[in-house]
Amino acid sequence: MTWLVPLLVLVPLLGAAVALGLLRHQKLQRAITVVVLVVALAVAATLMVLVDQHGTIVVQVGGWEAPYGISLVVDRLSALLLTVSASVLLIVLLFSIGQGLAADDGEAPVTIFYPTYLVLAAGVLDSFIAGDLFNLYVAFEMLLVASYVLITLGGSEQRVRAGTTYIVTSLIASAIFLAAIGLVYGATGTVNIAQISERVADLPEHVQLLLHTMLLIGFGIKAAVFPLAFWLPDSYPTAPAPVTAVFAGLLTKVGIYAIIRLETIIFPRPQLNTVLLVVAVLTMVVGVLGAVSQTDVKRLLSFTLISHIGFMVMGVGLGSVAGTAAAVFYTVHHIVVQTTLFLVSGLMERVGGTTSTRSLGGLLKAAPLLAALYLVPAFNLGGIPPFSGFIGKLGLFRAAAEDGSPLAYVTIGAGVVTSLLTLYALMRVWDAAFWRPKPAAEAAAPHVSVAEPHAHLRSPEPAPLTVSEESGRAYHPGGSTTVTDAPHASRASSPNTAPVSTTDGGVGDAPRKVRLPRMLVGVTTVAVLGSVALTVVAGPLYGYATRAAESLESPDRYVQAVLGGDR
């Protein structure tokens with residue numbers, strides 16, 4: 001079944017090429033993109049079962065034996081992340097399609113979203129199967145080039161400015177990674193991960209430290225660990241909801257995956273474990289302190305994203321099977337839950353016209369289902385029992401307690417504080433956006449959403465309009481173009497919508513029925529149920545993560561699978 005592995009990259013790239021050729025056939029583009037991601041999910045799930053039963057699957061591209069050719073490697077860690085990533089990519093795509101259907105669009109002037117999304121998918125999936133550092137670099141660049149396009153969709157000044165920060169930071173990370181690859185090749189004569197693992201132990205200690213540090217910095221920027229996460233809070237919140245969701249769920253986890261490979265296969269000795277634990281503590285604490293100070297839901301979630309990256313780094317830094325297993329489990333949990341929360345924030349923005357907690361209010365009465373959709377993943381991310389967030393954190397804390405060092409106990413304390421402050425920050429959003437009445441000033445000048453033709457393809461998210469209290473005119477939050485006078489603004493409806501309530505006057509006025517797209521609600525509900533399902537299957541999933549960690553604990557298994565022979 002080795003022929004399945006290349007399909008993870010070839011099918012999305014071919015799908016992107018076909019979708020790009022169908023510029024005037026939007027429905028066909030949608031259908032092709034959905035089919036491609038369904039195929040990718042089926043292949044990933046099949047590989048996950050096969051690898052668990054029969055061991056690591058290796059494909060030598062073009063028949064060139066390693067280390068001379070390109071090796072594609074799927075072990076338990078790869079297969080698990082491939083399956084979860086393909087699922088998230090499909091869910092977010094369906095959410096984006098739901099936004100387009102809600103806008104009742106015909107042909108669109110810009111149809112680059114679907115092919116770009118497939119290129120992003122190819123880059124993410126290729127990252128998890130790359131068997132050499134240069135192929136990993138190519139995969140990173142593939143997904144980053146696609147992300148450059150997606151993060152600036154819509155062309156507003158705010159998005160272009162945020163996209164510039166993201167692009168410059170990503171280019172710096174890529175330059176560091178590429179320089180590290182050159183140094184690794186100069187020192188070891190290879191870029192094949194398995195062969196590097198064999199040869200790196202023969203290098204002088206200071207050379208190992210230099211190579212290790214450079215690779216860790218490059219991967220750390222991509223994973224958004226402290227102090228290399230400064231770019232994330234200003235970049236992600238400005239993007240449309242589906243783009244932000246897939247970025248938050250997957251792009252930083254590619255960096256975490258690379259760090260796991262680096263610390264378990266390339267440099268398995270505990271050379272920088274203490275540094276990783278210190279970085280984990282700082283990432284958790286600084287990230288969550290940033291979250292509690294935010295009044296915008298998307299920025300708050302971006303800071304919680306940073307803080308919870310610290311939990312994964314903590315597991316890797318412990319350098320044990322238990323720590324790595326907990327880190328793998330928590331990575332899967334965080335991909336699903338963080339993506340779900342960003343999708344919910346997109347619905348909150350659609351209903352309330354904003355994501356600022358200073359302007360939101362009364363959403364519990366206006367949209368009780370939306371309130372439930374927010375509350376479940378919020379509890380999960382906060383680590384409330386019995387959700388998967390609690391199970392993952394408990395596994396990390398047990399692994400740290402088994403380590404027994406003072407620094408390990410410090411990480412436990414930091415993790416507990418981070419969990420409590422995360423829950424506080426998320427419940428403060430609940431209180432402001434759902435529980436309390438809409439602020440009087442905002443109720444007097446209500447947010448009005450206008451479905452603009454073709455808006456979802458200039459940006460995958462229909463651009464809501466808000467009413468300026470000073471001018472009384474509706475405007476895009478991400479730009480400055482005045483669209484219509486507020487008195488004439490109206491909410492477009494679609495047969496594919498479900499009723500919710502909102503207020504149209506002062507505080508205490510009777511709720512007014514508006515329309516919320518059923519497909520958006522349905523897809524978000526599936527995402528929430530998926531986050532709950534992680535709790536239901538936590539036992540088998542944690543067992544799979546443990547087996548993956550045990551395989552990583554012995555780099556010789558990986559080396560033998562890739563290079564063959566008696567090693």
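Good morning. The count for this chain comes to five salt bridges, where a salt bridge is a side-chain nitrogen of Lys or Arg within 4 Å of a carboxyl oxygen of Asp or Glu. Side chains of opposite charge can pair when their charged atoms come close.

Before I go through them, a word on the source. This is a predicted model, in which local features need pLDDT of at least 70 and side-chain atom pairs count only at pLDDT 80 or more, whereas totals for chains, interfaces and linings use all residues. Residues are numbered from 1 along each chain as its sequence is written, and side-chain values use heavy atoms, with hydrogens and water left out.

Let me take the pair Asp52 and Arg547. Their salt bridge has its closest N and O atoms 3.0 Å apart. Asp52 lies in helix 2 (residues 26-54) and Arg547 in helix 21 (residues 538-553), so this pair ties together parts that are 495 residues apart in sequence. Helices here are DSSP runs of H or I with at least four residues, and strands are runs of E with at least two, numbered from the N terminus. Asp52 is partly exposed, with a relative accessible area of 24%, and Arg547 is partly exposed at 31%. On this scale, buried means under 20% relative accessible area, exposed means over 50%, and partly exposed lies in between, with a 1.4 Å probe and protein chains only.

Next come Arg261 and Asp75, whose salt bridge brings the closest N and O atoms to 2.7 Å. Arg261 belongs to helix 10 (residues 241-266), while Asp75 sits in the loop between strand 2 (71-74) and helix 3 (76-102), so the pair links parts 186 residues apart in sequence. Are these two residues buried or exposed? Both Arg261 and Asp75 are buried.

A further salt bridge joins Arg299 and Asp234, at 2.8 Å from N to O. Arg299 is in helix 12 (residues 297-318) and Asp234 in helix 9 (residues 232-235), so parts 65 residues apart in sequence are tied together. Arg299 is partly exposed, with 24% relative accessible area, and Asp234 is partly exposed at 42%. Salt bridges that share partners also join Asp52, Arg76 and Arg547 into one network.

I turn now to the chain as a whole. It has 22 helices and seven strands, and buried residues make up 60% of its 567 residues. In soluble globular proteins, nonpolar side chains tend to be buried together. The largest nonpolar core here has 180 residues; such a core is a set of buried Ala, Val, Leu, Ile, Met, Phe, Trp, Tyr and Cys residues joined through side-chain atoms within 4.5 Å. Among the members that touch the most others are Phe177, Met348 and Phe434. Leaving aside residues up to four places away in sequence, Met348 touches residues including Val297, Leu360, Tyr374 and Phe434, a contact being heavy atoms within 4.5 Å.

Finally, the matter of confidence. The mean pLDDT, the predictor's confidence in each residue from 0 to 100, is 83 for the chain, and 83% of its residues reach 70 or more. Over residues 104-109 the pLDDT is below 50, and this stretch has 16 contacts in the model beyond near neighbours in sequence. Over residues 443-511 the pLDDT also stays under 50, and there the model has 179 contacts beyond four places in sequence. Thank you for your attention.
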